[in-house]
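Subject: Structure for you to look at

Hello,

Here is the structure I said I would pass on. Please open it first and keep it in view while you read the notes below.

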Amino acid sequence: MQLSTKDHGEIRIVKVGEQRIDAAIAIQFKEAVRNCAAETTERLVLDLSDVNFLDSSGLGALVAAMKLIGPNCKLELAGLTANVERVFRLTRMNTVFRIHASAQEAIGGSAPLADVG
C-alpha cells in the first residue's frame, strides 16, 4: 500500500500512490486510511489523482474508513480521475463525500505542504 502524508495546519493530505483500489487491497486500504487519521483532528484529504480504477470494494473501503474515523475528523477527497469520478456520480457518493479538484484546492491555496512521512 503506497500512501504518503503531508500536513498543512490541521489538514492532513494523504496521497494514494496506487493505480487501483479494488477487492485485492480494499481491507488494507481502509486500515491504512484509518491509521493516517489517527494523528489528525480536523480534516483528512485523500488525494486520489493517481487512482485510475475504483470498484465497489474500494468504494466500500472509503465509506468504512469514513465511519471508522468518526465525526471528529472529516474525510474528504481530491483529484478524482475521470473513471473514479464516474463511479462516485453513478453511485451518488459524490453527495456523501466532499470532493475537491486537487489537494491544493482542498487546503485553500498554493502554500507548500510540509512532509510528514
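Accessible areas here come from the Shrake-Rupley method with a 1.4 Å probe, and for residues only the protein chains shown count as cover. By that method the protein chain has an accessible surface of about 6,100 Å², and 49% of this belongs to carbon and sulfur atoms.

Two notes on where the values come from. This is a predicted model, in which local features need pLDDT of at least 70 and side-chain atom pairs count only at pLDDT 80 or more, while totals for chains, interfaces and linings use all residues. Residues are numbered from 1 along each chain as its sequence is written, and side-chain values use heavy atoms, with hydrogens and water left out.

The whole chain

The protein chain has 4 helices and 8 strands. Helices (H or I, at least four residues) and strands (E, at least two) are DSSP runs, numbered from the N terminus. Read from the N terminus on, the order of elements is β-β-β-α-β-β-α-β-α-β-α-β.

The C-alpha trace spans about 30 × 25 × 25 Å along its principal axes. How does the radius of gyration of the protein chain fit that of a compact globule? The chain has 13 Å, which agrees with the value near 13 Å for a compact globule of 117 residues. The radius is taken over C-alpha atoms, and the globule rule is 2.2 Å times the number of residues to the power 0.38.

Of the 117 residues, 43% are buried. Buried means under 20% relative accessible area, exposed over 50%, and partly exposed in between (1.4 Å probe, protein chains only). Among contacts with a separation of 6 or more, 74% are between residues 24 or more positions apart; contact means heavy atoms within 4.5 Å.

The protein chain carries 13 positive and 14 negative charges, and their mean positions are 6 Å apart. In that count Lys and Arg are positive and Asp and Glu negative, while His and the chain ends are not counted. The place of a charge is taken as NZ of Lys, CZ of Arg, CG of Asp or CD of Glu.

Asp47 lies in strand β4, which covers residues 43–47. Is Asp47 buried or exposed? Asp47 counts as buried because its relative accessible area is 11%. Its side chain makes a polar contact of 2.8 Å with the side chain of Ser49. A polar contact is a pair of N or O atoms within 3.5 Å; within protein, one must be able to donate a hydrogen and the other to accept it, and residues adjacent in sequence count only if both atoms are side-chain atoms. Leaving aside neighbours within four places in sequence, Asp47 is in contact with residues including Ile13, Val16, Ala78 and Ala103.

Asp22 sits in the loop between β3 (20–21) and α1 (26–37). Asp22 is buried, at 11% relative accessibility, and its side chain has a polar contact of 2.9 Å with that of Arg20.

Asp55 belongs to the loop between β5 (53–54) and α2 (56–69). Which residues does Asp55 contact beyond its neighbours within four places in sequence? They are Ile21, Asp22 and Ala23. A polar atom of the Asp55 side chain lies 2.9 Å from the backbone nitrogen of Gly58.

Glu85 is in helix α3 and is partly exposed, with a relative accessible area of 39%.

The loop between α3 (82–90) and β7 (98–100) holds Arg92. Arg92 has a phi near 65 degrees, a positive value in a residue other than glycine, and Arg92 is exposed at 56% relative accessibility. Phe97 lies in the loop between α3 and β7, but Phe97 is buried, with a relative accessible area of 3%. Beyond four places in sequence, Phe97 is in contact with Leu62, Val63, Met66, Leu75, Leu77 and Phe88.

Regards
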